[in-house]
Amino acid sequence: MSGFDWVVPIILTVITAATPLVFAGIGELVTEKSGVLNLGVEGMMLVGAVSGFITALVTGNYFLAVGAAALAGAIMAFLFGVLTLSLMANQVATGLALTLFGVGLSALMGQEFVGEPIAALSKLNITGLSDLPFIGPIIFGQDVLVYLSFVMVALVSWLLYKTKAGLILRAVGDSHDAAHSIGYPVIAIRYLAVMFGGAMSGIGGAYLSLAYTPMWAENMTAGRGWIALALIVFATWKPGLVLVGAYMFGGITILQLHAQAAGLNVPSQVLSMLPYLATILVLVLISKDESRIRKHAPACIGKIFHPAA
Amino acid sequence: MNGNEGGTPQLELRGITKAYPGCLANDHIDLKIMPGEIHALLGENGAGKSTLVKTIYGVLQADEGEIIWAGSPVTIPNPHTARKIGIGMVFQHFSLFEAMTVTENIALGMSGRQDMKILERDIIEVSNSYGLPLEPNRQVHTLSVGEKQRIEIVRCLLQKPKLLIMDEPTSVLTPQEAEKMFETLRRLSGEGVSILYISHKLDEIKELCHKATILRGGKYISECDPTKETAKSLAEMMIGTNLRAPEHHETANGGPIRLKVRDLSIDADVEFGVNLNAINFDVRSGEIFGIAGVAGNGQIELLSALSGETICRNPDTIMLDGKPIGRLGPNPRRDLGLAFVPEDRLGHGSVPEMLLTENAFLSGYSRMALLNGGFINNSSTAEYASEIVKEFDVRTPGIHHTASSLSGGNLQKFIVGREVLQKPGILIVAHPTWGVDAGAAAFIHQTLIDLAEAGAAVLVVSQDLDELFAISDRIAVIAEGRLSVGRELNEITIEEIGLLMGGTHGMGETAGAADVA
């Protein structure tokens with residue numbers, strides 16, 4: 001058994017690498033299912049990360065910290081909503097601007113907090129269960145956000161495919177004109193979806209600054225927002241596959257780190273590329289199956305809705 | 001004037017007025033519908049019918065005027081309210097969601113909560129009892145236009161409305177299907193349901209409707225009893241001038257074969273698609289060849305094989321003027337003189353968000369020589385677009401407006417005009433006058449006949465048998481991916497065609513398939 005001792009820590013790090021992607025991915029999935037493309041995930045994650053970190057540092061209350069991160073992300077998303085849904089600005093340009101804005105804003109907010117240490121988000125510890133060999137630390141020894149990420153995936157999946165609210169959300173993303181003519185408030189529904197996406201991105205960011213590496217550093221999301229966006233295409237807009245994709249990407253990230261540490265005779269830059277290469281490869285393979293994308297991709301994504309006629 | 005019937009009208013409109021920037025869509029319109037009355041709303045495209053019915057359904061709000069529902073004034077701020085008080089509507093441009101199933105689409109159009117299992121059962125029950133077979137679990141994007149329309153109708157019927165608004169419900173049905181639906185409507189009328197019926201088919205309005213209100217240019221023109229009018233007099237009231245029937249040319253059997261299709265078999269590449277099975281036909285120069293059939297029997301697949309969107313395995317399967325074109329794509333086929341007017345004019349026939357000039361360029365750049373060393377020749381493109389607008393009487397504020405800004409009939413005239421001006425040797429047209437008013441339809445028919453007389457071969461795929469009988473020289477029927485032998489117009493009756501269309505692919509069987517799926 002002792003030969004497998006190294007497996008548990010690897011799995012644990014994979015989980016921490018994947019969790020922020022799960023949050024950001026599932027939130028953006030809801031946004032996109034309503035027909036809105038918000039490329040500002042990275043910016044929303046950063047603002048969430050810094051807001052959560054500052055709140056944790058000042059109050060010491062991690063529930064407040066996660067709440068603050070969600071709120072900050074939702075406010076950023078609301079801003080995006082005002083610009084794209086009410087003022088009908090181009091979604092791609094606005095999303096890119098939101099990311100740039102988020103990078104700057106988070107750096108400004110966190111200026112005085114760089115390098116300040118906080119305690120990592122505490123992990124579950126159930127006497128007996130958490131001490132079980134192998135499965136104990138993996139299943140019963142995670143922090144609350146990891147469990148929450150799984151709950152959110154299940155919740156979103158249930159909401160989208162089992163409830164009327166989810167049906168309406170998907171309908172708005174599939175044809176906003178038809179939804180409007182039947183009488184659904186397209187813009188209001190999209191506001192809600194966009195803000196949910198922002199809140200989830202905020203929590204995803206906060207996971208980085210509260211649990212993954214409990215500190216604040218400028219630009220600490222390091223492109224995870226973009227990976228989350230790619231994951232949704234990878235997952236062909238299915239919540240369950242977002243989870244799979246996030247863990248696959250997290251897994252490759254961690255494995256290449258271990259490979260580098262083990263002194264594998266490959267340039268480290270090549271290894272660092274692996275997660276991204278894998279993402280591109282999978283995206284290409286998935287795009288080949290047109291009917292699958294057509295079935296699940298929201299047809300109205302990125303299109304501006306003019307409620308006129 | 002005519003209000004000497006007893007009782008309270010189910011719906012009364014007084015002075016409904018709605019203005020858009022630059023146009024008065026409804027100008028003080030009055031309308032009265034009694035319980036159980038089938039009331040026709042007649043008018044050309046752009047006469048304000050859609051605006052009026054959208055106001056009744058709560059999609060639009062009138063600037064002025066009153067809506068009186070069963071005796072008391074109401075405001076209808078949104079469609080939910082309309083459905084709640086008992087108004088159902090079948091849209092002309094479907095309000096359907098392509099990536100969803102039939103059941104999901106119907107659930108979305110109903111207020112309140114539904115149990116999907118119960119809803120599915122109700123759908124099968126209602127659709128069978130009204131002769132509108134539907135498979136609840138099919139995805140809408142795999143369905144034909146005709147099948148999509150059934151969803152809209154069933155969606156309304158499930159809500160047991162007191163007033164049913166129907167925007168051209170029969171335009172995609174076979175005569176038998178339409179007759180069956182008239183029975184349904186008469187039954188509903190007998191049950192006291194009022195029906196506001198919009199259609200361009202004047203014969204069916206005469207047959208079905210008790211009253212007709214005629215609109216022209218946004219204004220109320222008159223109310224009449226359609227049973228006492230002729231189709232011609234109704235049409236003339238609508239357009240305000242005299243109408244000419246299409247002049248039929250002499251049948252030209254002697255012309256050389258221009259389009260020859262032999263043993264065309266293609267397996268559908270989408271779920272629920274129809275496999276084409278050994279299709280053979282010829283179209284001669286000077287001839288209009290009509291293909292009739294109920295939507296969803298292989299028309300989409302046949303059209304995409306002919307246009308080049310689907311490539312055949314064998315080049316000899318399709319011969320154009322003796323040249324094998326089976327393995328060529330749409331552009332090379334176009335260069336050889338094959339022009340194509342698809343079924344869906346917004347999205348397939350044109351790019352809705354692009355200007356008319358750009359839409360003209362996209363299909364005509366090669367044959368109209370609109371490229372200048374790889375660059376777009378803007379002046380000749382604009383000339384080409386203007387010529388289409390002028391020659392085909394396309395009513396638009398200008399060629400620098402988007403395709404989506406045109407009404408259905410005008411866009412159809414534009415698309416037909418765009419192809420005809422390229423002087424094609426072969427023109428393939430799908431549903432040329434679907435949702436087009438009588439004036440524009442007559443114009444398009446005449447255009448096709450003129451084109452054939454000039455020596456082109458014209459292939460028309462349509463569900464409208466009156467149309468096929470008015471313009472075709474020979475007619476064949478497509479059913480379940482098989483094409484019947486083409487027959488001269490004087491050798492075949494509407495009834496025979498109807499039977500071929502229903503044939504082995506009848507209502508009962510389709511409904512039975514739903515249970516298996």
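Student: What percentage of the 517 residues of chain B count as buried?

Tutor: This is a predicted model. In chain B, 50% of the 517 residues count as buried.

Student: What makes Ile106(B) count as buried?

Tutor: Set the value against the cut-off. A residue is buried if 20 or more other C-beta atoms lie within 10 Å of its own. Ile106(B) has 28 C-beta neighbours inside 10 Å, so Ile106(B) counts as buried.

Student: Where is Ile106(B), and which residues does Ile106(B) touch?

Tutor: Ile106(B) sits in helix α3 of chain B. Leaving aside residues up to four places away in sequence, Ile106(B) touches Leu119(B), Ile123(B), Ile151(B), Val154(B), Arg155(B) and Leu158(B).

Student: Which elements give two or more residues to the side of chain B that touches chain A?

Tutor: Begin with the counts. The contact takes 20 residues from chain B and 15 residues from chain A. On the side of chain B, α2 (79-85) and α3 (102-108) give two or more residues. The largest share, 3 residues, comes from α3(B).

Student: Why is His28(B) called partly exposed?

Tutor: Partly exposed lies between two limits: exposed at 12 or fewer, buried at 20 or more. His28(B) has 15 other C-beta atoms within 10 Å, and is therefore partly exposed. His28(B) belongs to strand β2 (residues 23-33) of chain B. Its phi is near 45 degrees, a positive value in a residue other than glycine.

Student: What makes Glu480(B) partly exposed?

Tutor: The count is 17 other C-beta atoms within 10 Å, so Glu480(B) is partly exposed. Glu480(B) lies in the loop between β21 (474-479) and β22 (482-483) of chain B. Glu480(B) is not a glycine, yet has a positive phi of about 50 degrees.

Student: How do you know what span is expected for helix α12 of chain B?

Tutor: Helix α12 covers residues 378-391, which is 14 residues. The expected span is 1.5 Å times one less than the number of residues. That gives the expected 20 Å, and α12 reaches 20 Å from its first C-alpha to its last.

Student: Which residues of α12(B) are buried, and what puts them on the same side?

Tutor: The buried ones are Thr381(B), Tyr384(B), Ala385(B), Ile388(B) and Val389(B). They cover an arc of only 135 degrees around the axis, so they lie on the same side of α12(B). On the other side, Ser379(B) and Lys390(B) are exposed.

Student: What covers the buried residues of α12(B)?

Tutor: The cover includes α11 (356-364), β18 (375-376) and α13 (408-420) of chain B. Just after α12(B), Asp393(B) takes a positive phi of about 50 degrees.

Conventions
Residues are numbered from 1 along each chain as its sequence is written. Chains are lettered from A and ligands numbered from 1 in the order in which they are written. This is a predicted model: local features need pLDDT of at least 70, side-chain atom pairs count only at pLDDT 80 or more; totals for chains, interfaces and linings use all residues. Helices (H or I, at least four residues) and strands (E, at least two) are DSSP runs, numbered from the N terminus. The arc is that of the directions from the helix axis to the C-beta atoms. Two residues are in contact if their C-beta atoms, placed from the backbone, lie within 7 Å.
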